[in-house]
Amino acid sequence: STRTHFDVFALNGSIYITGGFTTHGEKLSDLWRSSDGSTWSSVPDFALAEASNSPVVVLGDLGSQTAYLLADKIYSSSDGVTWSEIDDVPLFTGFDNREAAVINGEIWLFTYTFEYFGSRGRKNISRVYKSSDGLNWTFVRGGIYLGNLIAREAKPIGFNDRLFIVGGRAEILEYTNEVWSTTDTELWIEHTTGGLYGPRHSHAMTSHNGRLYSTGGVASDNI
């Protein structure tokens with residue numbers, strides 16, 4: 001079905017699409033699987049409501065990989081069919097948006113929300129956590145402010161042993177096409193603004209054959 005804000009991941013030789021929203025804004029919590037990218041089948045008995053707007057990341061080598069769905073609760077699966085809630089993990093509740101990436105065998109989770117101050121307006125609140133196993137999490141730092149980018153609804157991705165943040169929204173909710181990278185979230189390098197790559201958030205990114213690719217997203221109009 002037509003959808004936005006969904007997540008795509010590869011697990012042990014299969015491609016999966018999960019969650020997102022319909023064109024009318026209704027939440028989707030289904031999961032689809034394909035071995036070739038052309039023929040897709042619905043994964044039965046998958047009904048995690050958290051899948052509608054939560055990232056999925058994968059750890060491990062091909063053939064022994066584990067996927068993690070990062071929501072208010074965290075779920076894991078080695079086959080994409082059976083998902084188990086991980087006990088005794090911190091609950092990342094109270095956040096409107098989450099994005100995640102894997103770099104050097106660690107999951108980096110970015111969480112964002114708004115905090116309202118009445119007549120004083122509102123402020124973006126973000127937190128960054130990391131984990132090597134999906135069970136034990138370390139708080140890395142509070143909000144990330146990079147140029148005009150507050151890393152809200154930006155897209156993180158691991159590439160060439162660095163963590164990249166691409167696009168997103170600024171403090172006043174304007175869209176941006178800034179590109180930044182880091183190895184530790186402390187020292188950041190600004191690479192470029194996107195040129196013909198227009199400002200956007202909630203886009204998709206992947207790496208292939210030594211290059212980064214981005215498509216879709218939301219700006220003044222859906223892209």
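Q: Which residue stands opposite tyrosine 68 in E7?
A: Strands of a sheet pair through backbone hydrogen bonds, either parallel or antiparallel. In this predicted model, tyrosine 68 stands opposite serine 76 in E7, and four bridges join strand E6 (residues 66–70) to strand E7 (residues 74–77), the two running antiparallel. Strands here are DSSP runs of at least two residues (helices, H or I, need at least four), numbered from the N terminus, and two strands pair if DSSP finds at least two bridges between them.

Q: What conventions lie behind the numbering and the values?
A: Residues are numbered from 1 along each chain as its sequence is written, and side-chain values use heavy atoms, with hydrogens and water left out. Because the model is predicted, local features need pLDDT of at least 70 and side-chain atom pairs count only at pLDDT 80 or more, whereas totals for chains, interfaces and linings use all residues.

Q: In what order do the strands of the open sheet follow one another?
A: The order is E5-E6-E7-E8, four strands with antiparallel pairing. Strand E5 (56–59) and strand E8 (84–85) stand at the edges with a single partner strand each, so one side of each is left without a neighbour in the sheet.

Q: Is serine 76 buried or exposed?
A: Serine 76 is buried, its relative accessible area being 18%; buried means under 20%, exposed over 50%, and partly exposed in between, with a 1.4 Å probe and protein chains only. Leaving aside residues up to four places away in sequence, serine 76 touches Thr66, Ala67, Tyr68, Thr82, Trp83, Ser84 and Ile86, where a contact means heavy atoms within 4.5 Å. The C-alpha atoms of serine 76 and valine 56, which are 20 residues apart along the chain, are separated by 9.3 Å.

Q: How many residues lie between E1 and E2 in their hairpin?
A: Two residues lie between E1 and E2, and asparagine 12 in that turn has a positive phi of about 50°. Five bridges join E1 to E2, which run antiparallel, and phenylalanine 9 stands opposite tyrosine 16 in E2. The covered face of E1 consists of Asp7, Phe9 and Leu11, while Val8 and Ala10 make up the uncovered one.

Q: Which residues form the nonpolar patch on the surface?
A: Phe6, Val8 and Ile15 form the patch, with about 230 Å² of accessible area together. Phenylalanine 6, in the segment before strand E1 (7–11), counts as partly exposed at 36% relative accessibility. Isoleucine 17, in strand E2 (residues 14–18), is 11 residues from phenylalanine 6 in sequence and 6.9 Å away, C-alpha to C-alpha. Among the residues that isoleucine 17 touches are Phe6, Val8, Trp32 and Trp40. Patch members have over 30% relative accessible area and no salt bridge, like charges being joined within 9 Å and nonpolar side chains (Val, Leu, Ile, Met, Phe, Trp, Tyr) within 5 Å.

Q: How many salt bridges does a search of the whole structure find?
A: Side chains of opposite charge can pair when their charged atoms come close. The search finds one salt bridge, defined as a side-chain nitrogen of Lys or Arg within 4 Å of a carboxyl oxygen of Asp or Glu. Glutamate 106 forms it with lysine 130, the closest N and O atoms being 3.9 Å apart. The pair links distant parts of the chain, since glutamate 106 is in strand E10 (residues 106–116) and lysine 130 in strand E11 (residues 122–131), 24 residues apart. Glutamate 106 is partly exposed at 25% relative accessible area, and lysine 130 is partly exposed at 26%.

Note on methods
Areas by Shrake-Rupley, 256 points an atom, 1.4 Å probe, with all protein chains shown as cover.
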